[in-house]
Amino acid sequence: MSKYRIALAGNPNTGKSTLFNSLTGLKQHTGNWTGKTVAKAEGTFEYHQQLYTIVDLPGTYSLYSNSADEEVARDYILFERPDVTVVVVDATAMERNLNLALQVMEMTENVVICVNLMDEAKKKGIVINEKKLAESLGVPVVTISARNKKGITNLLDAIEQVVRGQVNLNPYQVQYTKEIEASLKELEPQVASIVGNQFPLRWIALRVLDGDTSFLETIQQRQQQDISHTERRNSAYGKSVNS
């Protein structure tokens, strides 16, 4: 059985946790993120004989690390590299909610946009054209009503297509002013020389332009932790083999 990891991101009050509960049922547990007082919810579910672990990230309006919630969400997407990040948006407030979606798409291409609260949108006469929105954003878009459990199968199908590489992903990238784009082009090679090419260089360069230079130190510290963890594991494995 194949195993995949899903990150569930979104603004507060988008029905993200309702979707999480609908997918995982009783197969979930809660706690806190390591070193944080921020609550962590993680669960599992199966679909088409594939096992998914899904993490309900804290509800945030951005990924700029202005709060502990934003830092947790940012770090999970960046360092844990989930197979899919599902961004839940409110169908009645698309303009505000898509801001986070665009930020996520700067960090990873493995994104599914889940437009929730379609029942509320219908009451307000709001119509969402999934196909056109998907064409504009360059990633799958699915409309659902989590509390009514409508559209869930379509969402699971979209997730499955992404993890199996059955869909072309070309996430929309915000184009900034000529001056900013020139600065990004100059910064990206410098960022790569510091942190390597395994991270989204354009997104990190944007953070540097925003003045968040400490983020480079965070990445380097995380890389060093990973190296130390690998060395300890290899050392323990060597001892086990030799004994």
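A residue is called buried when its relative accessible area is under 20%, exposed when it is over 50%, and partly exposed in between. By this definition, Arg74 and Asp75 are both buried. The structure is a predicted model, and the count of salt bridges in it comes to 10.

- Side chains of opposite charge can pair when their charged atoms come close.
- Arg74 and Asp75 form such a salt bridge, with 2.8 Å between the closest N and O atoms.
- A further salt bridge joins Asp56 to Lys16, where the closest N and O atoms are 2.5 Å apart.
- This pair links distant parts of the chain, as Asp56 belongs to strand β4 (residues 50–56) and Lys16 to helix α1 (residues 16–24), 40 residues apart.
- Asp56 and Lys16 are both buried.

- Arg147 and Asp119 meet through their side chains in a salt bridge, at 2.8 Å from N to O.
- Here too the partners come from distant parts of the chain: Arg147 is in the loop between β7 (141–143) and α6 (152–163), Asp119 is in helix α4 (residues 118–123), and 28 residues separate them.
- Are the two partners buried or partly exposed? Arg147 has a relative accessibility of 47% and therefore counts as partly exposed, whereas Asp119, at 17%, counts as buried.
- Through salt bridges with shared partners, Asp119, Glu120, Lys123 and Arg147 are joined into one network.

- Thr14 is located in the loop between β1 (2–10) and α1.
- Its relative accessible area is 2%, so Thr14 is classed as buried.
- A polar atom of the Thr14 side chain lies 3.0 Å from the backbone oxygen of Asn11.
- Apart from neighbours within four places in sequence, the residues in contact with Thr14 are Val88, Val89, Asp90, Asn97, Asn116 and Leu117.

**The largest pocket**

- The largest pocket holds about 410 Å³ of space.
- Its lining has 16 residues, of which Thr34, Lys36, Asp75, Phe79 and Arg222 are the closest to the pocket centre.
- Two elements, α2 (68–80) and α9 (214–242), each give two or more residues to this lining.
- The largest share of the lining comes from α2, with 6 residues.
- By residue class, the lining of the largest pocket contains 4 nonpolar, 6 polar and 6 charged residues.

- The volume of the second largest pocket is about 160 Å³.
- The residues lining the second largest pocket are Tyr64, Asn99, Leu102, Gln103, Glu106, Val174, Tyr176, Ile180, Leu206, Arg207, Leu209 and Asp210.
- Elements giving two or more residues to this lining are α3 (94–107) and α8 (201–209).
- With 4 residues, α3 gives the most to the lining of the second largest pocket.
- This lining divides into 7 nonpolar, 2 polar and 3 charged residues.

Methods: Residues are numbered from 1 along each chain as its sequence is written. This is a predicted model: local features need pLDDT of at least 70, side-chain atom pairs count only at pLDDT 80 or more; totals for chains, interfaces and linings use all residues. Side-chain values use heavy atoms; hydrogens and water are left out. On a 1 Å grid over the protein atoms alone, a cavity is a set of points where a 1.4 Å probe fits but cannot get out, and a pocket is an open set with protein on both sides within 12 Å along at least five of seven lines; lining residues have an atom within 4 Å of a point. Grid points are joined across faces, edges and corners, and a volume is the space filled by probe spheres set on the points. Ala, Val, Leu, Ile, Met, Phe, Trp, Tyr, Cys and Pro count as nonpolar, Asp, Glu, Lys and Arg as charged, and the others, Gly among them, as polar. A salt bridge is a side-chain nitrogen of Lys or Arg within 4 Å of a carboxyl oxygen of Asp or Glu. Buried means under 20% relative accessible area, exposed over 50%, partly exposed in between (1.4 Å probe, protein chains only). A polar contact is a pair of N or O atoms within 3.5 Å; within protein, one must be able to donate a hydrogen and the other to accept it, and residues adjacent in sequence count only if both atoms are side-chain atoms. Contact means heavy atoms within 4.5 Å.
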